[in-house]
Amino acid sequence: MTAVEHDADVIVVGAGPGGSATAYHLARHGVRVLLLEKTEFPREKVCGDGLTPRAVRQLIRMGVDTSPEAGWLHNRGLRVIGGGVRLELDWPELASFPNYGLVRTRLDFDDLLAQRAVAAGAKLRTNVNVLGPVLDGDGRVTGVEAEVGPGKEPATFHAPLVVAADGVSGRFPLALGLAKREDRPIGVAVRRYYRSPVKHDDNYLESWLELRSKDSGDNLLPGYGWIFGLGDGRVNVGLGVLNSSSAFGKTNYRRLLTDWLANTPADWGMTDETNADGPILGAALPMGFNRVPHYTRGVMLVGDSGGMVNPFNGEGIAYAMESGELAAEVAVQALARPAGPERERALMAYPNELKARLGGYYRLGGIFVKLIGRPEIMRIATKHGMPHPTLMRFVLKLLANLTDPRGGDAMDRVINAMTKAAPAV
């Protein structure tokens with residue numbers, strides 16, 4: 001059999017945050033990386049655009065300048081609204097994470113990360129639509145089949161290792177028969193940009209635990225909302241509904257968003273369609289490792305492709321970037337070994353380490369999703385929890401996964417013990 005010439009040491013499919021982080025960390029270690037993106041930059045992505053300190057830490061690890069002068073809007077914490085209470089919770093002061101969050105639209109955020117990967121040495125090719133894997137006689141992935149450019153010219157790229165970072169659709173893992181697990185949580189989110197002179201430069205991310213329309217009276221609308229200022233005269237406004245809710249899959253989510261916003265103050269600018277900046281767009285939120293295994297037959301799954309959205313708060317970017325860095329670390333060690341059993345042994349460290357880091361936490365998140373999907377439980381929790389700032393600071397740490405692993409305060413120790421005690425998903 002003729003040996004195939006490799007186009008790279010690793011092919012990364014998808015240049016979102018997870019793919020670009022993977023490519024950056026690989027290239028930084030001298031690995032030849034081919035980063036394939038199906039669209040052209042800049043490009044739109046449906047997202048809340050808010051970044052917690054967990055995501056900020058990953059940006060700093062990629063050498064990104066997160067200063068306001070570089071175009072980032074900083075925030076101090078989370079403002080929670082529910083149960084008739086409005087509570088502002090600052091991000092915790094920790095050794096492991098910065099004490100600020102950020103907001104930036106995905107329109108240039110993804111482009112910025114892809115360029116960091118290129119600066120580190122990765123080769124980025126845009127307008128390359130990856131169709132599926134190239135398999136050897138043993139069923140192991142040795143490359144990708146793709147269509148290139150506006151003419152959709154067929155092309156094949158070879159590498160001993162492929163990273164699937166192709167987002168929610170997960171077309172690449174699906175081509176390998178890796179379907180989503182139905183027993184894991186999933187959400188749906190819709191969002192829209194509005195021009196809002198009042199809310200655009202808010203220094204807190206705003207989370208609404210209860211949504212009401214003008215006509216709903218005491219009846220709550222399904223879902224949980226957010227309003228994140230962008231600092232440029234606009235806000236990102238959206239809501240999410242989890243599959244533990246009876247309304248999941250049976251609701252017009254776009255109508256739900258406008259019904260909720262119709263009940264907000266007029267001077268916020270979100271009750272008037274003329275202030276809307278673009279359409280309402282939606283996306284799925286694959287949570288709690290809802291696609292596994294995260295490594296098989298020469299393919300590593302990163303970010304949304306591997307269902308890594310946090311079930312507690314719907315955050316995906318931090319976990320996409322974290323899993324990308326971990327995948328790169330494992331791949332560097334594996335590629336230093338000869339192909340065969342030794343390399344496979346090294347590559348299996350990736351799913352094992354993911355499970356060790358996040359498995360117990362995601363198990364707790366799955367329980368949380370089932371509980372808050374029941375309106376009566378959510379109503380009781382909001383009514384009795386919101387008036388207690390200390391309890392809510394604990395909840396913020398738990399939901400945002402912000403604790404110091406060693407040392408830390410009593411809250412950190414309790415949360416860390418809970419996640420270690422929970423059986424990993």
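**Sheet order, a buried aspartate and a helix pair**

In this predicted model, six strands form an open sheet in the order β8-β2-β1-β12-β19-β18, and their pairing is mixed. Strands β8 (123-125) and β18 (295-296) lie at the edges, each pairing on one side only. Within the sheet, β1 (residues 10-13) runs parallel to β12 (residues 161-164), and four bridges link the two strands. Ile-11 has Val-162 of β12 as its bridge partner. Strands of a sheet pair through backbone hydrogen bonds, in either the parallel or the antiparallel sense.

Helix α3 (residues 106-120) contains Asp-110. The relative accessible area of Asp-110 is 0%, so the residue counts as buried.

Helices α6 (residues 317-335) and α8 (residues 349-372) pack against each other at about 150 degrees, and their axes are 9 Å apart. The two helices are therefore roughly antiparallel, as angles over 145 degrees fall in that class. The crossing of α6 past α8 is right-handed. On the α6 side, the contact is made by Tyr-319, Ser-323, Leu-326, Ala-327, Glu-329 and Val-330. Helix α8 contributes Ala-349, Tyr-350, Glu-353, Leu-354, Arg-357, Leu-358, Tyr-361 and Tyr-362. Of the residues in this contact of α6 with α8, ten are nonpolar, one is polar and three are charged.

Conventions: Residues are numbered from 1 along each chain as its sequence is written. This is a predicted model: local features need pLDDT of at least 70, side-chain atom pairs count only at pLDDT 80 or more; totals for chains, interfaces and linings use all residues. Side-chain values use heavy atoms; hydrogens and water are left out. Axes are lines fitted to C-alpha atoms, for helices over the stretch in contact, and angles run from 0 to 180 degrees between N-to-C directions. Angles under 35 degrees count as roughly parallel, over 145 as roughly antiparallel, 65 to 115 as roughly perpendicular and the rest as oblique. A crossing is left-handed if the near helix is turned anticlockwise from the far one by less than a right angle, and right-handed if clockwise. Contact means heavy atoms within 4.5 Å. Ala, Val, Leu, Ile, Met, Phe, Trp, Tyr, Cys and Pro count as nonpolar, Asp, Glu, Lys and Arg as charged, and the others, Gly among them, as polar. Buried means under 20% relative accessible area, exposed over 50%, partly exposed in between (1.4 Å probe, protein chains only). Two strands pair if DSSP finds at least two bridges between them.
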